[in-house]
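This briefing covers surface patches, salt bridges, helices and backbone geometry. Please consult the sequence and the structure below while reading.

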Amino acid sequence: MKRFLIAGIAGTVAGIVATTQIAGPLLAQEAESKASVYQQLDLFGDIFERIRAQYVEEVEPEDLIEAAIDGMLTSLDPHSSYLSPDDAEQMRVQTRGEFGGLGIEVTQEEGFVKVVSPIDDTPADAAGIEAGDFITHVDGESILGLTLDKAVELMRGPVGSEIVITVVRDGEQEPFDITIIRDTIKLTAVRARTEGTSVVLRVTTFNDQTFPNLESGLQEQIEEAGGIENVNGIVLDLRNNPGGLLTQAIKVSDAFLNEGEIVSTRGRDPQDGERFNATPGDLAAGKPIVVLINGGSASASEIVAGALQDHHRAIVVGTKSFGKGSVQTVMPLRGDGAMRLTTSRYYTPSGRSIQALGVSPDIIVEQPRPAVETDEEEDDRPTRSEADLRGSLNNDSLSEDEIRQIEEDRAKAEKTAELREEDYQLAYAIDILKGLSAFNPAGPSQ
């Protein structure tokens, strides 16, 4: 018994020694790490005081602190940033769908301000700003090296005031200036119209109004067509859509899916991951869908395109999307400011991340640049057919109503052909829907 007791005491002592040998270095490392952090904070305090005391001009302490916070956040990635009280309020207004400015969504790439996309029917769109443009100067002042927020601040100004931005564009040999008049930007989240028997839903942004606008716009077009049976399909146009609210992207995807995963998010902690699934109900009643995307389609647009593509619910047409596969959380801070922090990545239903890769279309269709006008006259000689020949026989196998129907269908086809000159990608999408409906005997006549 005495022997067992001694052995037990020896085992306890050995355990204490072993624990000390393992935990000791870990505690020392943690203490060193904390000491290093405190040393860095002391260094920050020293620099802060020296700037206040010795900088050539007097600087407001609040401005220095804000700049330090913003620098810390922007060093993480292009989408994390500090929002001053004014910026935070402007972001809330923009989310509701109306704000002042030029009408462009921008990001930062290697120190340059890059246009993600111009917003439809805004001063920037009217002036010819294109997705992928790099802005180098504002009113002759270089913005290279500025934070994104500072560069955006230079582009803001009173409604009606003029701004000159210098643009570098792929395919252009020299930078050039574009003059824009600032205006109040009123976003119409979704515009619905019908081309032939195809409903076109142009989604320009994902704000609080997106899903309600899409639902009501689609229903209105279906009613004007006399019922869903007279619609051959839907074109969901997400080109130059910079994204917006994740919740709205989920609702728009869910509008055309009956089941399955829409998107998942994964943060640093696996427990913080979320999955969002579709609920029963398809606003399009199973009709074919073509999704249009391009290099200006980002974030929420890519969630919708990726979800419908992975579920084989839509054919994705156009060019590769922007590739913003991260989620930002806006966190309120004291003093009415806010912090926009990248907290997770999102993944399509098949588990692929869009970050930096974008969504690849099923069918690549480039949008031709506008043709350069020339002085050369085109050959406008009319084409001739059998019906134009003198004394040609009439078609006696069709009734007048059948002939009229053929002529109406031909007119619709010619209208789509004319659309190719205005918007080749959209015309291509409509042609796909026509081709698909040709295999459906119950579909509308073409």
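Which residues form a negative surface patch? The patch is made up of Glu 58, Glu 60, Glu 62, Asp 63 and Glu 66. The model is a predicted one, in which local features require pLDDT of at least 70, side-chain atom pairs count only at pLDDT 80 or more, and totals for chains, interfaces and linings use all residues. Residues are numbered from 1 along each chain as its sequence is written, and side-chain values use heavy atoms, with hydrogens and water left out.

**Surface patches**

- Patches consist of residues with over 30% relative accessible area and no salt bridge, like charges being joined within 9 Å and nonpolar side chains (Val, Leu, Ile, Met, Phe, Trp, Tyr) within 5 Å.
- For charges, Lys and Arg count as positive and Asp and Glu as negative, while His and the chain ends are not counted; the place of a charge is NZ of Lys, CZ of Arg, CG of Asp or CD of Glu.
- Accessible areas come from the Shrake-Rupley method with a 1.4 Å probe, and for residues only the protein chains shown count as cover.
- Within the negative patch, Glu 60 is located in the loop between helix H1 (2–54) and helix H2 (61–74); helices (H or I, at least four residues) and strands (E, at least two) are DSSP runs numbered from the N terminus.
- Glu 60 counts as partly exposed because its relative accessibility is 45%; buried means under 20% relative accessible area, exposed over 50%, and partly exposed in between (1.4 Å probe, protein chains only).
- A nonpolar surface patch is formed by Leu 43, Ile 47, Ile 51, Tyr 55 and Val 56, which together have about 490 Å² of accessible area.
- Leu 43 belongs to helix H1 and is partly exposed, with a relative accessible area of 42%.

**Salt bridges**

- The whole structure contains 15 salt bridges, each defined as a side-chain nitrogen of Lys or Arg within 4 Å of a carboxyl oxygen of Asp or Glu.
- Arg 169 pairs with Asp 133 in a salt bridge whose closest N and O atoms are 2.8 Å apart. Arg 169 is in the loop between strand E7 (162–168) and strand E8 (176–181), and Asp 133 is in the loop between helix H4 (123–127) and strand E5 (134–138), so the pair ties together parts that are 36 residues apart in sequence. Arg 169 and Asp 133 are both buried.
- Asp 237 and Arg 202 form a salt bridge at 3.6 Å, N to O. This pair links distant parts of the chain, with Asp 237 in strand E12 (residues 233–237) and Arg 202 in strand E11 (residues 198–203), 35 residues apart. Both Asp 237 and Arg 202 are buried.
- Arg 313 and Asp 282 form a salt bridge at 2.9 Å, N to O. Here too the pair links distant parts of the chain, 31 residues apart: Arg 313 is in the loop between helix H8 (300–310) and strand E16 (315–318), and Asp 282 is in the loop between strand E14 (274–277) and strand E15 (289–293). Arg 313 and Asp 282 are buried.
- Through shared partners, salt bridges join Asp 120, Arg 202, Asp 237, Arg 239 and Asp 423 into one network.

- Helix H10 (residues 424–437) has 14 residues and should span 20 Å at 1.5 Å a residue, which agrees with the 20 Å between its end C-alpha atoms; the expected span is 1.5 Å times one less than the number of residues.
- Buried residues of H10 include Leu 426, Ile 430, Ile 432, Leu 433 and Lys 434.
- Ala 305 lies in helix H8 and counts as buried because its relative accessibility is 0%. Its C-alpha is 8.2 Å from that of Ser 253, although Ala 305 and Ser 253 are 52 residues apart in sequence.
- Ala 307 is also placed in helix H8 and is buried, with a relative accessible area of 0%. Ala 307 and Ser 253 are 54 residues apart in sequence, with 6.8 Å between their C-alpha atoms.

**Positive phi values**

- Most residues other than glycine have a negative phi.
- Asp 121 has a positive phi, near 55°; Asp 121 is in the loop between strand E4 (112–118) and H4 and is exposed, with a relative accessible area of 60%.
- Asp 139 has a positive phi, near 50°; Asp 139 is in the loop between E5 and strand E6 (141–142) and counts as partly exposed at 47% relative accessibility.
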